[in-house]
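Please keep the sequence and the model in view while reading.

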Amino acid sequence: MDYTFQFGPLLNYLPQIVSGLWLTIGLSFVGIFGGIALGIFCAVMSTSSSPIPRLLVRLYVEVVRNTPLLVQIFVIFFGLPNIGIRLSPLTSVFIALVLNNGGYVAEIVRGGIEATHRSQVEAAESLGLSYFQTLRYVILPPALEKVFTPVVSQCVLLMLSTSLVSAIGVEDLTGAAMIASSETFRTMEIYLVVAMVYVVLNFVFRAVLNVAGLMIFTRSRRRLLGRA
């Protein structure tokens, strides 16, 4: 193998790569927190006594979990204009990431809710708590704590999946790398650097989400103890 690594040409594209990195982080946070909020809502709806919300949530989750994220992005960006709905690339990506993450989080959180022991619900009802009070103070906090680790893993996977948004021209980290690669032909060097950036992002996102979860669950326990 006669190949000489040259990382020098990458310096000219450093501003674009940094800009793409910030966009990747922004897209990830929107997808993560929007998806978590949507996922929790859908998980609660999936436990409804009415069959219609359960059916709608089941349909949504199955569609999301059984289609690739790239296809979902294409449907929103290229498909919706056929019915008169035109969205910008960024808006399309935001919607796709939130919907995708929400479908997976919904299924994870639903498992946590169903793992809540019936006796806890009965105790809440005996204390005169309403359905929403029971949900807020008795069911959701322990359910979310039980499934927090898989939720974090899903959110990190979503962050890595943001690399697909470059397929519709969004210049995230991967998109910036593609441009630099096509102009310098230093593919090996560019994608090695980008791969290492994604590795670092992986650890950073896990750490941030774990610390945020620890703070939220600690505060929740203190609040419950205060009410007790």
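Predicted model: local features only at pLDDT ≥ 70, side-chain atom pairs only at ≥ 80, totals over all residues.

Residues are numbered from 1 along each chain as its sequence is written, and side-chain values use heavy atoms, with hydrogens and water left out.

Is Asn12 buried or exposed? With a relative accessible area of 62%, Asn12 is exposed (buried means under 20%, exposed over 50%, partly exposed in between, with a 1.4 Å probe and protein chains only). Asn12 and Asn210 are separated by 198 residues in sequence and by 36 Å in space, C-alpha to C-alpha.

The largest pocket has a volume of about 630 Å³. A pocket is an open set of points on a 1 Å grid over the protein atoms alone, where a 1.4 Å probe fits, with protein on both sides within 12 Å along at least five of seven lines; lining residues have an atom within 4 Å of a point. A volume is the space filled by probe spheres set on the points, which are joined across faces, edges and corners. Of the 25 lining residues, Ile40, Leu144, Gly213, Ile216 and Phe217 are the closest to the centre of the largest pocket. H9 contributes the most to this lining, with ten residues.

For "transmembrane region", an unreviewed UniProt entry lists residues 20-46, 67-85, 147-170 and 190-217; such annotations may be inferred rather than shown by experiment, and positions follow the numbering used here, with feature names shortened. Residues 20-46 are 96% helix and 0% strand, with end C-alpha atoms 37 Å apart.

Methods:
Helix = DSSP H or I, 4+ residues; strand = E, 2+ residues; numbered from the N terminus.
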